Amino acid sequence: MAGGAREVLTLQLGHFAGFVGAHWWNQQDAALRDATDAKETPGELCPDVLYRTGRTLHGQETYTPRLILMDLKGSLNSLKQEGGLYRDTQRDAAIAWEGKLTTHTEELHPKNPYLQDLLSAEGVLCSDGVWRVKSIPSGKGPAPLTTATPPKPRIPTEGSIQVWSDFLRVHLHPRSICMIQKYNHDGEASRLEAFGQGESILKEPRYQEELEDRLHFYVEECDYLQGFQILCDLHDGFSGLGAKASELLRDEYTGRGIVTWGLLPGPYSLREPQKSIYRLLNTAFGLVHLSAHSSLVCPLSLGGSLGLRPEPPVHFPHLHYDATLPFHCSAILATALDTVTVPYRLRSSPVSMVHLADMLNFSGKKVVTAGATIPFPLVPNQSLPDALVQLGGAAPWTPLSACGDPSGTRCFAQSVVLRGLNRACHTSQLPPGTPVPSVLHACVTGEEVLARYLELQQPGARSSSHLLLTPCKVAPPYPHLFSSLSQQGPVLDSPPAWAAVDSVPVLGALCSSSSLDRTLGDLAKELTKVDLRRWASFMEAGVEQGDLEELLHELRSLAQCYQGGDSLAD
């Protein structure tokens with residue numbers, strides 16, 4: 001691709017993965033449009049890593065996510081499976097039959113009210129049947145058709161969001177969406193609820209061939225494919241589908257990076273014992289099998305625990321969110337994801353997926369934890385050294401992997417990204433002769449400040465850090481979650497009531513931590529108490545008692561990789 005981008009192919013597997021992915025692609029799209037409208041020079045992040053250029057049948061140039069998405073029947077609502085940029089070639093094809101023809105058309109699902117402004121905001125369908133889109137950076141896309149300002153997008157109400165496609169603002173390629181018709185998204189019948197069911201999907205020739213065909217389509221047009229990122233639901237049968245997909249990728253694309261994000265929605269209730277047990281089993285089977293086939297696996301959740309005992313959702317000082325709403329939880333996780341994936345999306349001196357994984361997963365530590373500070377709490381007239389010193393000795397980020405409180409645990413390796421701070425505040429601007437409050441205030445670059453801080457926080461840990469000017473976009477349809485923020489993210493004591501937050505500074509981290517010894521060990525302990533004979537439907541999906549015993553062994557072995565003491569003094 002242009003500029004020598006090291007391409008990544010994204011796989012989204014599951015409905016909550018669809019929620020996180022919709023926010024993720026909306027954020028990428030908002031960054032692209034900002035760069036276009038401002039006529040900026042190429043930014044710090046290279047969109048070609050995630051996007052591909054193409055042409056419609058009418059020769060119109062397009063720029064769409066390099067994405068394969070799998071979900072269940074009934075999960076699309078008004079979104080067409082073939083997307084909206086390309087004509088339906090089957091419908092347009094000439095019909096040879098000359099006799100009487102009856103056409104049965106299924107009634108379309110009404111478009112979410114929020115999305116009504118999408119057409120006028122992004123382009124126009126011309127009389128020749130060609131969709132003319134607004135221009136995009138780096139010469140991609142045609143010239144704008146009009147200079148009129150598109151309508152300002154509204155923030156969708158929580159009640160209007162039923163599925164992820166209700167707030168997806170990005171056009172997808174016809175090869176992106178793959179629907180699994182044998183299972184239903186809604187209702188109690190034909191649910192994809194067990195690991196074995198998900199595994200069996202990709203054992204069927206129909207679905208395996210369809211996935212392989214789409215993989216070959218995207219991979220063969222890449223000049224330098226660095227790897228695959230998988231967004232996969234862990235709590236239901238998609239954990240099995242993700243495990244099988246990662247195995248297929250490992251076998252067919254040896255040497256490519258496979259970074260898997262195991263996604264879990266918000267709090268759950270013990271009043272539904274079957275769902276709780278299935279969640280536990282699916283999460284455990286998913287983590288073990290995904291770590292066997294992936295370069296790196298990271299569970300992502302706003303919950304406090306991966307086990308059966310529900311823990312309160314995590315707290316962010318400057319966020320007000322409803323943990324029961326996938327629309328809210330997925331927005332926060334997408335923001336963290338948009339930050340921690342920065343290293344392999346950089347335009348200049350990127351860190352490849354393989355190298356990032358190698359740095360974090362040494363000695364068999366393929367599972368890592370994530371954390372983020374959203375937004376990074378920088379107040380006006382404050383410098384980065386001031387803000388970091390103010391954070392004190394506690395962990396500077398909120399944990400996002402449901403592994404409990406990280407305080408007192410040991411970090412073996414970490415990749416940290418801080419983005420969205422103005423260059424003027426990267427270092428201390430103390431007048432000459434002023435005593436230096438800390439070693440951080442003596443650093444001469446922002447990169448040095450961040451690296452020194454991480455060294456002080458986790459002595460002996462292998463650390464990689466990146467400092468970017470580019471903030472994280474949180475424009476609509478991102479939900480209104482922020483308090484005490486100005487439009488561009490700095491924390492204010494009394495923000496104006498009319499201020500709509502457009503972007504925020506974010507601190508994000510991936511960490512190989514000794515907390516995983518406790519988390520994975522606790523999972524194994526809880527599984528020893530599970531009698532699979534009581535859950536016949538889980539076993540009917542292809543899991544046997546011997547599989548559970550092997551799982552326990554693998555979990556304990558994985559947990560042992562993270563033994564290294566719970567104290568930094570060890």
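A: Two strands pair if DSSP finds at least two bridges between them. Helices (H or I, at least four residues) and strands (E, at least two) are themselves DSSP runs, numbered from the N terminus. In this predicted model, local features need pLDDT of at least 70 and side-chain atom pairs count only at pLDDT 80 or more, while totals for chains, interfaces and linings use all residues. Residues are numbered from 1 along each chain as its sequence is written, and side-chain values use heavy atoms, with hydrogens and water left out.

Q: In which sense do strands β8 and β9 pair, and over how many bridges?

A: Strands of a sheet pair through backbone hydrogen bonds, either parallel or antiparallel. Here strand β8 (residues 225–233) and strand β9 (residues 257–263) pair in the parallel sense, over seven bridges. Within this pairing, Q229 has V259 of β9 as its bridge partner.

Q: In what order do the strands of the open sheet lie?

A: The open sheet is formed by six strands in the order β7-β4-β1-β8-β9-β10, with parallel pairing. At its edges are β7 (177–184) and β10 (296–300), each of which pairs on one side only. From one strand to the next, the twist averages 15 degrees.

Q: Which strands are joined to β1 by bridges?

A: Seven bridges join β1 to the parallel strand β8, where the bridge partner of T10 is Q229. Four bridges join β1 to β4, again in parallel, and L13 stands opposite M70 in β4.

Q: Which way do the side chains of β1 point?

A: In a regular strand the side chains alternate between the two faces of the sheet. In β1, E7, L9, L11 and L13 point one way, and V8, T10 and Q12 point the other way.

Q: Why is β1 described as largely enclosed?

A: Buried means under 20% relative accessible area, exposed over 50%, and partly exposed in between (1.4 Å probe, protein chains only). Seven of the seven residues of β1 are buried, so this strand is largely enclosed by the rest of the structure.

Q: Where does helix α6 lie?

A: Angles run from 0 to 180 degrees between N-to-C directions, and axes are lines fitted to C-alpha atoms, for helices over the stretch in contact (heavy atoms within 4.5 Å). Helix α6 (residues 238–252) lies across β1 (7–13), β4 (67–73), β7, β8 and β9, and runs at about 165 degrees to β8.

Q: Which residues have the most contacts inside the largest nonpolar core?

A: A nonpolar core is a set of buried Ala, Val, Leu, Ile, Met, Phe, Trp, Tyr and Cys residues joined through side-chain atoms within 4.5 Å. The largest one has 69 residues, and W261, L302, F316 and Y321 have the most contacts inside it. Helix α8 (residues 326–340) gives the most to this core, with nine residues. A second, separate core of 38 residues includes A284, L527, L551 and L552.

Q: How many salt bridges does the structure hold?

A: A salt bridge is a side-chain nitrogen of Lys or Arg within 4 Å of a carboxyl oxygen of Asp or Glu. The structure holds 12 of them. In one, the closest N and O atoms of R214 and E210 are 2.7 Å apart; both residues lie in helix α5 (residues 205–220), four residues apart, about one turn of the helix.
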